[in-house]
Amino acid sequence: MIDLSAEQRALLEGLARRRETSHSLVQRAQRVLRAADGEANTQIAAAVGLGEDAVGLPG
């Protein structure tokens, strides 16, 4: 799980909603927000359309 401050969460939510944000940045913001909400990597990967290896932290 990732701990985000209110300011960090607001910034990521803004990026995820903004039409001008690149698709890759939107996906990245969505992944971080979902991880902060406690979702499992498998759930996050399915929700954003990526493989599980693209969602987890590098080992």
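First, my terms: I call a residue buried under 20% relative accessible area, exposed over 50%, and partly exposed in between (1.4 Å probe, protein chains only). Helices (H or I, at least four residues) and strands (E, at least two) are DSSP runs, numbered from the N terminus.

This is a predicted model, so I note that local features need pLDDT of at least 70 and side-chain atom pairs count only at pLDDT 80 or more, while totals for chains, interfaces and linings use all residues. Residues are numbered from 1 along each chain as its sequence is written, and side-chain values use heavy atoms, with hydrogens and water left out.

**Helix α3**

I started with α3, residues 41-48, and found Ile44, Ala45 and Val48 buried. Looking down the axis of α3, I see these buried residues within an arc of 100° (directions from the helix axis to the C-beta atoms), so they line one face of the helix. They pack against α2 (23-36). After α3 comes glycine 49, with a positive phi near 75°.

**α2 against α3**

How do the axes of α2 and α3 cross? They come within 10 Å and cross at roughly 150°; I take axes as lines fitted to C-alpha atoms, for helices over the stretch in contact, with angles from 0 to 180 degrees between N-to-C directions. That makes α2 roughly antiparallel to α3 (under 35 degrees is roughly parallel, over 145 roughly antiparallel, 65 to 115 roughly perpendicular, the rest oblique). From α2, I list Gln27, Gln30, Arg31, Arg34 and Ala35 in the contact, and from α3, Ile44, Ala47 and Val48; contact means heavy atoms within 4.5 Å. By class I get four nonpolar, two polar and two charged residues. For the classes, Ala, Val, Leu, Ile, Met, Phe, Trp, Tyr, Cys and Pro are nonpolar, Asp, Glu, Lys and Arg charged, and the others, Gly among them, polar.

**Glutamine 27**

Is glutamine 27 buried or exposed? This residue of α2 counts as buried, at 13% relative accessibility. Setting aside neighbours within four places in sequence, I find glutamine 27 in contact with Val48 and Leu50.
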